[in-house]
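Here is a report on a structure with several chains. Keep the sequence and the 3D view open as you read.

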Amino acid sequence: MTSLMKKLMLATAVVAAPMMVATTASAEGEKYILVSHAPDSDSWWNTVKNGLALAGDQMDVEIEYRNPPTGDLADMARIIEQAAASGPDGIITTLSDYEVLSGPIQAAVDSGVDVIIMNSGTPDQARKVGALMYVGQPEYDAGHAAGLRAKGDGVSSFLCVNHYISSPSSTERCQGFADGLGIELGNQMIDSGQDPSEIKNKVMAYLSANPETDAVLTLGPTSADPTLLALDENGLAGDIYFGTFDLGEEIVKGIKAGVINWGIDQQPFLQAYLPVVVMTNYHRFGVLPGNNINSGPGFVTADGLEKVDLFAGEYR
Amino acid sequence: MSEAPSPALNGDERIKTRSRFREALIRPELGGIVGTAVVFTLFLLFASDSGMFNSQGIMNWSQVSAQFMIIAVGACLLMIAGEFDLSVGSMIGFAGMMIAIFSVTLGWPVWLAIIVTFALALAIGALNGFIVVRTGLPSFIVTLAFLFILRGFTIYFPQTIERKTIIGGVKDAAEGDWLAPLFGGKIFTGLFQWMGDAGIIAVFERGTRQGQPVVDGVPMLIIWALVLVVLGHILLTKTRFGNWIFAAGGDAQSARYTGVPVNRVKILMFMTTAFCATVFATCQVMEFGSAGADRGLLKEFEAIIAVVIGGALLTGGYGSVIGAALGALIFGVVQQGLFFAGVESSLFRVFLGVILLFAVILNTYIRRMITGER
Amino acid sequence: MSSNHNPIIEMKGIEKHFGSVIALAGVSLKVYPGECHCLLGDNGAGKSTFIKTMSGVHKPTKGEIHFEGKPLNFERPRDAIAAGISTVYQDLAMIPLMSVSRNFFMGNEPLRKFGLIKLFDHEHANRVTLEEMRKMGINLRGPDQAVGTLSGGERQTVAIARAVHFGAKVLILDEPTSALGVRQTANVLATIDKVRKQGIAVVFITHNVRHAMAVGDQFTVLNRGKTLGTAKRGDITPEELQDMMAGGQELVALEGSLGGTV
């Protein structure tokens, strides 16, 4: 029995150790929490984390990054409530589903926490929940702009590889693209899942079943990287029109190699960096820009890739 | 029920008298009780000034724990009856989506949408159970199939009908409905208003709700959790049916030979799990006003983990609803508490794994003591 | 001896076919109250099929079962239990993780009214269990002691006591001694004797002649789905029984080489 008790105490100590370390590592100054909707597996958010960390360092404020591990938005609502309960100076959060998140965000605002909406959501929704501002790229508009551009390049059908089908903003990108092209979305959007080999095989299967497809649209590195491999394998690389949202190392290489025609950069770095800077200055000096900030869309093509190349996956 | 054995019964020299401590150890709830004490002690020490124990913070981890409790009760009873249900998480997504489609897309009254969804969920639970008892296949496989089937429908239906994967507007549809508040409402609002006025709990500092308490009542979610735990506990320990649940999971064949309707028990337990998942889903949909295709991901494992932390054996035949509820409480408090303590969120999984491992080792040890095997 | 009574259960010309396999080819048997009827046979002789027919698990392909003089037709095991035929299976008697008292009342839970609902009457169950166990000579630490802590013989005894308590008139014991040590076997045999003295008919299935001779009043040997006749106690020697079980000749030769120890 005694050995059991010893084991119990040992286990407790092991478990508790990281907690004690973490609690002592808090800095002085304002505290801001960034809540995202991204599941743990989404690598794109690394840039956001880096931007957040850099802003925290430069402004000398305490920052924290939170996300629902599985991408469940109901869990995210709880995280926002929790963030509000811990009494930070401000919360920076995505608004990927207004219905689910508006309640907790509004409650946070009303209990005295300043909120900036980043990434997902619309400027209109941000205003409705009482946020200071919106920093990001309106998804539908970005998709629409991309669609218009593709139309000009002669595209009339496409495949949208949606790796995050449960997020409305992902679907909006595809829908906007279809509307920009002036065609029905219909079955051209596939639910690819998050697993790279699954995505690759689904893309190959779709393209061999629908050989008349003009273009491929991916929604980020998660779907773009495997799609690049798929196109390599079925020989369509460089032949089929390929546009993607967001940037990443492989995407940059793809653009350089001419496989990807363009990438839509919403500059996630700014989405995390700017809100921290804006809020810190607001809390320190009471100054606040009078408008929302559009961090994107910017089309990145083979021209002018130098900086992007240098910082891809880190700050770009 | 344990009375001290009378001296006359101690005639057999082979029976060693057991210490009280050992006696106390042979309870399925033990792990849960110890764990709860440890977890609360730690967080009181390391996170007491972080907002974890103010009204908002308490409500936060209570709600998360209550969610786990609701599905843990079903999973616990089913596990004691000797089966698993891996489709719990998908059922949460599916049931929520059905309510949203019925009430928003089809325009049915919300009470009807809720009732039909419950009926549908119970039917799917019964089908799960029926397939398991009829084919004799492991429930692990059968419900794994339903994990995919239900999740697939949860994505397919809204996508084909509404071209999106989240259906909102349930809150508006539920306005004035008589059944919806039973899941999405709050009670004791007067008490909380009074506490807010008296300055005991925090109130909103600005906005339209200025002066109102930040925590303005106990959500029905928590009431459901408590009611289900109490009912589950009574059912399991105090009724004939409870004895049958233990028997069905302990050794189905022996139970059959003594006349226990094992198949019926198992099918009913699958239906109970489905019921609990639907309660979870309904509360969530009513609170957030929308149903999403990604709701409930991985919740089946969270339910099973809570049950195992609570002392139930994965092999069935042994466990406790109270234990499972404590397991859910530990789970919820740790998950939310690590945040308050300022721990990097990815460490939550490490913590969870350690607790799980520890709970399983403790459970195995306890079982060996019960059955006397070595 | 009460052999002149009417038999409580009579099996007449029972046949059981599983597809093309004939498991029982016409077995007849009479069991009398207050007697221990030993059913002997080697592995595969059809003992299990026969007792499963008697306890309602299988329906006979041909033949009749008379219970207390009336023809019977069991649809389910429950029917047999309700009629008073209880079966104690070798290793399927008890659920180790459950307490003795919960096991004892499994399927026959005592109920107590609590308002509108009926609850398991644990108090009653515990009291009765302790009492019955004491009668059988087993001292429990308490009624909530798990069955898993009991020895194999004690488990068999609990199962027998359970059957008797719930009004068994015929008690079928499926190889209750086959996995037990000497001491535990003696305990189970003593229990059989106690039960028989209460006027209950016992059907004792075994392939151990010495165990059968210790308590049996009548002996029926099954071989390859057929009965080789029934003998009364005193009419037959252990050696004869052993020979009949093995089907005669081969064993005589074997026995010679083993020095008569089989």
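## Chain A and its annotation

An unreviewed UniProt entry annotates residues 39-282 of chain A as "domain: Periplasmic binding protein". UniProt positions follow the numbering used here, feature names are shortened, and annotations may be inferred rather than shown by experiment. This is a predicted model, in which local features need pLDDT of at least 70, side-chain atom pairs count only at pLDDT 80 or more, and totals for chains, interfaces and linings use all residues. Residues are numbered from 1 along each chain as its sequence is written, while chains are lettered from A and ligands numbered from 1 in the order in which they are written.

The span of residues 39-282 of chain A is 52% helix and 16% strand. Helices (H or I, at least four residues) and strands (E, at least two) are DSSP runs, numbered from the N terminus. The C-alpha atoms at the ends of this span of chain A lie 30 Å apart.

## How the chains meet

Two pairs of chains are in contact, and chains A and B share the most contacts. Two residues are in contact if their C-beta atoms, placed from the backbone, lie within 7 Å. The contact between A and B takes 40 residues from chain A and 46 residues from chain B. On the chain A side, helices H1 (2-24), H3 (73-85), H4 (98-110) and H7 (168-181) each give two or more residues. H1(A) gives the most, with 11 residues. By class, this side of chain A has 19 nonpolar, 13 polar and eight charged residues. Here Ala, Val, Leu, Ile, Met, Phe, Trp, Tyr, Cys and Pro count as nonpolar, Asp, Glu, Lys and Arg as charged, and the others, Gly among them, as polar.

Chains A and C do not touch. Their nearest C-alpha atoms are 19 Å apart.

## Chain C

Chain C has nine helices and 12 strands. Its C-alpha atoms fill a box of roughly 65 × 40 × 40 Å along the principal axes. Of the 262 residues of chain C, 48% count as buried. A residue is buried if 20 or more other C-beta atoms lie within 10 Å of its own, exposed if 12 or fewer, and partly exposed in between, with C-beta atoms placed from the backbone.

Helix H1 (residues 47-54) of chain C is largely enclosed by the rest of the structure, because seven of its eight residues are buried. Among them are Phe50(C), Ile51(C) and Met54(C). Gly56(C) follows H1(C) and has a positive phi, near 85 degrees.

Strand E6 (residues 85-88) of chain C is covered on both faces. Ile85(C) and Thr87(C) are buried on one side, Ser86(C) and Val88(C) on the other. E6(C) pairs with strand E9 (residues 170-174) of chain C in the parallel sense, over four bridges. Strands pair if DSSP finds at least two bridges between them. Ser86(C) stands opposite Leu171(C) in E9(C).
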